[in-house]
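Me: I would like to learn how to read a few features of a model. Could you walk me through them?

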Amino acid sequence: MIKNSKIFIYSLILLFSKTIFASSSASFLITQTAFNDYDFEQVLYEYSSEENIEYKNDYLDELISAVITENIILAENISKKILLTDPSNQEAKLLMMVKSVNANNEQELKSLRFDKDNQKNDLFEFIFFLNEKTKSNKDISDSFLEIVRSSYTKQSTNYSQNYNFLLFYTSLAVLVNEKNYEAIFIKGQLLQMIDDYFFAEATYQKIPEESDYFIDAQRNIAFNYSQENGFDNVENKIKVIVKNNNEDYEISKILADFYRIEKKYDLAIKIYSELIKGNPNDLWYTYYLRGICYEQSDNWRMAELDFLQSLKIKRNSPNVLNYLAYGWIERDIRIDESFVMLTDAYEANPDSHYILDSLAWAYYKKKDYVKAAELMEEVIDMVPGEAVSLDHLGDIYFAMNRKREAVYFWRQAKDLAKPEDEISDKIQIKLKEYDAS
């Protein structure tokens with residue numbers, strides 16, 4: 001590993017050496033927008049258009065896009081154009097140095113090593129050389145990846161979220177060593193982070209079964225499928241991956257989570273039950289997820305048992321405490337016990353508006369309306385459009401004889417309610433009863 005001081009130096013070096021020239025060209029603006037949106041194919045399309053030649057005073061976006069999309073012949077051509085006008089351009093030289101290494105062209109590599117003043121570049125030295133000798137392809141690839149890892153783990157810096165930069169250097173790591181499966185996996189993850197699921201899947205599929213990264217790549221492919229639309233198509237895709245990977249726990253759990261999100265609770269419960277039999281490390285969480293499915297299926301008895309079992313394994317989980325306690329409060333049972341549980345949950349996670357809503361509702365059930373209103377108002381400040389919380393605040397105000405405000409918030413809640421909130425009919429009844437009185 002590099003020492004921390006060196007990582008900082010190399011990270012500063014890694015900032016793109018790009019200078020953008022002002023241009024009124026619509027194509028230039030399209031290219032910039034596409035590049036910032038990680039639409040690398042659109043960038044290359046604009047580059048290929050002959051009518052856009054007039055704005056071509058800077059080719060760096062195209063170079064980076066070509067490398068990321070693995071259009072290496074195009075990338076080499078762009079690099080040569082860049083170096084004609086900017087012989088010290090770092091990104092263009094990096095690509096050409098990788099090309100030299102792959103071609104075993106030591107002479108070309110050494111000519112690119114120095115700048116116009118015959119000085120060495122610290123970044124080039126770290127990546128390509130050790131004790132004045134050229135590193136192996138494997139070691140060069142690992143050097144690229146080490147810089148990438150050191151960059152995207154430093155969350156306090158701006159460049160840590162510069163996916164163009166991260167993808168560029170990761171792609172070079174793969175280019176110089178196509179068997180660097182960690183680099184391929186990280187590239188897939190980065191593409192996943194920018195929501196390019198198609199390209200991410202194509203990248204993950206390059207990892208062979210014998211690699212340590214294979215199963216994680218398959219899990220990520222399954223997760224990406226779960227983000228797509230179209231139930232039958234997505235279900236079939238994930239089931240194929242589950243079957244092809246020996247019913248892997250994490251992939252099976254992705255399928256169960258997909259069913260739960262799609263409200264296919266019976267299917268989700270079946271898989272969660274099978275997973276529970278395997279006594280996994282996150283057993284408490286699987287009980288919690290199955291409990292949610294039971295509760296959403298109106299089977300509170302089974303849901304309650306799962307939440308209690310989850311807390312037996314991990315007693316202080318804020319979300320489980322919240323779900324169980326709120327279920328009891330809604331049924332007007334075990335109010336005092338629920339209040340203690342919600343207090344503990346709130347202390348553990350004070351930023352959760354769901355837990356704060358439940359705690360406010362517990363105060364309401366204990367008829368401490370002033371405290372209930374105070375907390376529920378905080379919830380509304382955190383999430384102004386949360387229909388259930390608006391409805392709750394209306395109930396609290398009504399109990400405080402602040403009836404005009406209650407009606408106002410009920411109407412807001414009714415307007416904002418989604419079908420899954422299941423509160424519209426109840427609000428309508430309250431409004432009718434108020435109007436009748």
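Reply: Gladly; we will take confidence, helix packing and salt bridges in turn. This is a predicted model, in which local features need pLDDT of at least 70 and side-chain atom pairs count only at pLDDT 80 or more, while totals for chains, interfaces and linings use all residues. Residues are numbered from 1 along each chain as its sequence is written, and side-chain values use heavy atoms, with hydrogens and water left out.

Me: What is the mean pLDDT of the chain, and which residues stay under 50?

Reply: pLDDT is the predictor's confidence in each residue, from 0 to 100. Where it is low, the predicted coordinates should not be read in detail. Here the chain has a mean pLDDT of 89, with 88% of its residues at 70 or more. Residues 1-25 stay under 50, and the model gives them 52 contacts (heavy atoms within 4.5 Å) beyond four places in sequence. Residues 155-160 are also below 50, with twelve contacts beyond near neighbours in sequence.

Me: Now helices, please. At what angle do α15 and α16 pack?

Reply: Two packed helices are described by the angle between their axes and the distance between the axes. Helices here are DSSP runs (H or I, at least four residues), numbered from the N terminus. Axes are lines fitted to C-alpha atoms over the stretch in contact, and angles run from 0 to 180 degrees between N-to-C directions. For α15 (residues 249-261) and α16 (residues 265-277), the angle is about 155° and the axes are 7 Å apart. The two are therefore roughly antiparallel (an angle over 145 degrees).

Me: Which residues of α15 and α16 meet?

Reply: Tyr249, Leu255 and Tyr259 are among those in α15, and Leu267, Ile271 and Leu275 are among those in α16. The contact residues divide into ten nonpolar, one polar and three charged (Ala, Val, Leu, Ile, Met, Phe, Trp, Tyr, Cys and Pro count as nonpolar, Asp, Glu, Lys and Arg as charged, the others, Gly among them, as polar).

Me: And how far apart are the axes of α20 and α21?

Reply: The axes of α20 (residues 335-348) and α21 (residues 353-365) lie 9 Å apart, at an angle of about 150°. That makes α20 roughly antiparallel to α21. Phe339 and Leu342 of α20 and Leu359 and Tyr363 of α21 are among the contact residues, which divide into ten nonpolar, two polar and one charged.

Me: Finally, how many salt bridges are there?

Reply: A salt bridge is a side-chain nitrogen of Lys or Arg within 4 Å of a carboxyl oxygen of Asp or Glu. The count comes to 20. One of them joins lysine 206 and glutamate 70, with the closest N and O atoms 2.5 Å apart. This pair links distant parts of the chain, 136 residues apart: lysine 206 lies in the loop between α12 and α13, and glutamate 70 in the loop between α4 and α5.

How values were computed. Angles under 35 degrees count as roughly parallel, over 145 as roughly antiparallel, 65 to 115 as roughly perpendicular and the rest as oblique.
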